[in-house]
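Okay everyone, thanks for coming.

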Amino acid sequence: KRERYNRYGFEGLGSTFGSGGFQWSDFTHFGDFDDILGDVFSSFFGGGRSQRTANRGRDLRVSLQISLEESFKGTETTLSLTRLEECETCDGSGAGPGSSPRTCPQCNGHGQLRMTQGFFSINTTCDRCGGSGSIIDTPCKECSGHGRVNVRSKLKVNVPAGVEHGMKLRLSGEGEAGVKGGPRGDLYAIINVEEDARFRREGEDLICEVPISFSQAALGGTTMAPSFHGDQELTIPPGTQTHKVFRIRERGMPSLRNPQKYGDLYVRVIVYTPERLSEAQRELFQQLAETNEELPTLNGKKKGFFGHLRDSFDQLKKDVMG
């Protein structure tokens with residue numbers, strides 16, 4: 001952790017995936033490559049996979065907006081979407097009342113035609129039935145013979161704690177309905193985590209800034225740092241410099257892999273400079289200035305703040321007088 005902290009300023013942890021009631025496949029596309037290979041081989045060697053894939057409903061993708069706090073706690077939300085569902089009038093057959101689809105005489109219901117040339121056989125989609133394997137003489141008026149209609153649907157989605165921006169949550173079987181009884185597709189919810197006014201996220205770690213006064217920085221003290229676990233007390237040691245970073249362990253975001261494990265909270269303190277001073281404050285700062293507090297210089301010597309200021313004025317007078 002120290003190596004990553006020194007290199008980047010803060011730990012830059014990548015996206016993590018986990019269980020918590022979800023499978024790894026809920027966030028990935030492991031099946032895509034297998035589907036591609038299956039389609040290629042079945043088209044050349046006549047397997048039945050192409051027909052099954054052709055009847056499968058389309059996968060859908062939607063954007064799901066959540067806050068950083070909802071990402072911390074996990075949330076249940078409702079998605080509204082329009083998708084193709086099986087037509088209730090014809091039960092997905094596409095045929096009108098009193099009729100039914102008949103087997104395509106050109107492909108004998110296979111939906112594909114085999115073309116042989118030399119040693120090779122290639123399957124092509126039947127141009128008469130469009131690959132469905134059946135012909136509808138009297139189409140259903142509700143779905144125009146397609147067997148599916150657009151329906152507005154609402155789905156409840158459980159978003160696990162620790163999910164990160166850009167992750168894909170797969171809802172198996174919640175895509176479009178398949179063609180003529182084919183399997184449904186999947187629904188992929190793309191997680192968009194809104195920016196938070198208080199925190200910046202780096203993997204499972206959170207970063208925030210907290211203002212402190214001159215007196216707190218010089219003399220030390222305590223202040224409160226925000227976190228989703230509740231406000232955290234932070235000890236400020238004497239002589240703290242502005243932009244110093246403190247780490248509060250296990251007060252960051254939960255791990256998606258293990259919700260009981262948390263990242264860290266990094267607090268950068270900013271010494272606040274007042275824009276207006278009362279007369280009493282001005283006198284106190286004047287007394288502090290007169291102590292000629294020593295500041296480090298590049299050549300190793302030390303000179304007070306007002307000593308630096310005085311030298312600047314002396315140099316300016318030399319430049320003006322020639």
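**A walk around the model**

Let's start with T77, which is partly exposed because its relative accessible area is 22%; buried means under 20%, exposed over 50%, and partly exposed in between, with a 1.4 Å probe and protein chains only. This is a predicted model, where local features need pLDDT of at least 70, side-chain atom pairs count only at pLDDT 80 or more, and totals for chains, interfaces and linings use all residues. Residues are numbered from 1 along each chain as its sequence is written, and side-chain values use heavy atoms, with hydrogens and water left out.

T77 sits in strand 2, residues 75–86 (strands are DSSP runs of E, at least two residues, and helices are H or I runs, at least four, numbered from the N terminus). So what does T77 touch, leaving out residues up to four places away in sequence? That would be L64, L155, K156, V157 and V159, with contact meaning heavy atoms within 4.5 Å. From T77 to I66, 11 residues apart along the chain, the C-alpha distance is 9.0 Å.

Now over to E142. You'll find E142 in the loop between strand 6 (134–135) and strand 7 (148–159), and E142 counts as exposed because its relative accessibility is 53%.

Zooming out, the protein has seven helices and 17 strands. Of its 322 residues, 34% are buried. And among contacts with a separation of 6 or more, 63% are between residues 24 or more positions apart.

That's my tour, happy to take questions.
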